[in-house]
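Subject: Model handover

Hello,

Here is the structure I promised to pass on. Please open it alongside these notes.

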Amino acid sequence: MATNDGHAEKSSYFDGWKAYDKNPFHPTQNPNGVIQMGLAEHQLCFDLIQEWLVNNPKASICTEEGGDKFRDIAIFQDYHGLPEFRNAVAKFMGRVRGDKVRFEPDRIVMSGGATGANELITFCLADPGDAFLVPTPYYPGFDRDLCWRTGARLLPVVCHSSNNFKVTRKALEDAYAKAVEANIRVKGLLITNPSNPLGTILDRDTLKELMSFINKKNIHLVCDEIYAATVFRQPNFVSIAEIIEEDQEYNRNLVHIVYSLSKDMGFPGFRVGIVYSYNDAVVECGRKMSSFGLVSSQTQYLIASMLSDDQFIGKFLLESSGTLATRHKDFTDGLRQVGIKCLNSNAGLFLWMDLRGLLRESTVEAETALWRVIINDVKLNVSPGSSFHCSEPGWFRVCIANMNEETMKVALTRIREFVLRSGDKLGRKEKCCQSNLRLNFSFRRMEDVMRTPCIMSPHSPIPQSPLVRART
């Protein structure tokens with residue numbers, strides 16, 4: 001069963017969370033505690049949500065006004081999901097993507113958050129030992145979500161800061177060729193758009209290149225689009241759904257979208273995860289598997305009512321974009337005052353902060369040492385780039401939307417004081433960092449992945465996954 005170390009809780013990404021849990025910051029009760037900047041959560045628009053709940057008490061079966069629906073919702077519900085829920089989610093997904101594409105409610109498969117959705121789609125597409133290519137840097141939780149219980153593995157497509165970590169056809173081909181040489185069967189390519197941790201979006205040309213690549217190799221494309229509504233300035237978000245609508249030559253049976261309300265609406269606790277597949281076999285299989293991780297009918301009922309309120313959704317999306325833009329500007333301006341740069345981004349709930357100039361040497365070990373100082377002395381839980389499998393030491397993800405303005409100011413003050421104590425080291429090493437040395441990356445090198453035997457976990461409920469054998 002799931003007894004191996006694939007859950008990834010021993011990584012520095014989760015170690016930072018543990019440090020926060022032991023000593024959480026509070027403005028009055030614990031002002032010297034650790035500030036949580038490792039959690040990508042959207043807390044900037046809760047006032048709008050709370051206002052809507054007050055004005056719409058019938059949306060909840062636990063209020064006096066909505067209690068008459070309690071029995072209907074509390075009894076058994078089909079694992080396909082409430083029809084009104086699937087209709088509302090499909091409409092919202094289209095709204096977030098500028099109504100340029102239409103999503104069919106019957107293709108929506110529920111799961112327990114994006115974590116459950118990623119595992120579900122992996123079980124549908126891959127057998128133990130199969131692999132997915134993933135451009136770096138990527139979300140550390142993918143190692144758990146896609147691999148821990150499925151027995152699948154992730155192979156990095158190494159990207160570099162020289163082109164702002166943009167994935168290239170050459171990098172894809174190189175990673176694929178190494179997998180073939182190592183006798184590893186590649187079943188798909190996993191992308192996150194907008195990117196976590198970069199906060200950037202994939203442009204139309206790149207998405208077309210990805211579609212060309214997966215069609216040529218006859219492998220699947222899993223698009224994690226859970227940050228679709230966090231874009232706060234140009235260029236606009238382009239969904240993979242738009243690309244396959246524009247060119248009917250693409251094999252849409254190979255395309256699957258993972259979505260949730262955890263980031264765009266700020267509802268991670270509701271565990272609303274979605275798999276939207278263009279493949280009928282995957283939809284059928286996913287529906288059966290979703291019975292192991294359904295969204296509660298009470299949550300479905302509330303969400304259906306909220307997402308069906310067009311006026312509210314329009315107001316929420318507009319204000320969300322504005323507050324994220326303001327928070328991004330305030331934080332990057334504050335960092336810039338002490339010479340800290342971030343990757344130019346226009347989406348997400350975080351920054352990709354460049355601290356390469358503060359490393360004593362360009363190694364993962366030096367990055368880890370710096371991270372420990374930031375955690376233990378500066379008392380900020382930021383996530384080191386090595387935990388995201390970044391190929392270049394010195395980058396850190398900093399979450400900025402999970403705190404109020406006062407806490408943000410405290411965090412900025414701590415960062416400024418730390419950099420000033422470090423003297424002019426940042427400026428002296430900046431020129432050296434710009435050379436973008438492609439160093440030996442020990443955390444997740446392709447060679448290391450290929451040498452590691454696959455740790456077997458329970459097989460897919462479909463023996464040898466006959467439903468979706470895109471590549472044999």
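My notes on a helix pair, an arginine and the cysteines follow.

This is a predicted model, where local features need pLDDT of at least 70, side-chain atom pairs count only at pLDDT 80 or more, and totals for chains, interfaces and linings use all residues. Residues are numbered from 1 along each chain as its sequence is written, and side-chain values use heavy atoms, without hydrogens or water.

Helix pair. Helix 13 (residues 364–378) packs on helix 14 (residues 405–421) at about 125°, with the axes 11 Å apart. Helices are DSSP runs of H or I, at least four residues, numbered from the N terminus. Axes are lines fitted to C-alpha atoms over the stretch in contact, and angles run from 0 to 180 degrees between N-to-C directions. In helix 13, Leu370, Val373, Ile374 and Val378 meet Arg414, Ile415, Phe418 and Arg421 of helix 14 (contact: heavy atoms within 4.5 Å).

Arginine 86. This residue sits in helix 4 (residues 83–96). Arginine 86 is buried, at 10% relative accessible area (buried: under 20%; exposed: over 50%; partly exposed: in between; 1.4 Å probe, protein chains only). Beyond neighbours within four places in sequence, arginine 86 contacts His80, Gly81, Pro105, Asp106, Ile108 and Arg287.

Cysteines. The disulfide count is zero (a disulfide is a pair of cysteine sulfur atoms within 2.5 Å). The closest cysteine sulfur to that of cysteine 124 is in cysteine 285, at 3.3 Å, too far for a bond. Cysteine 124 is buried at 0% relative accessibility. Cysteine 342 is partly exposed at 22%.

Best wishes

Technical notes: Helix = DSSP H or I, 4+ residues; strand = E, 2+ residues; numbered from the N terminus.
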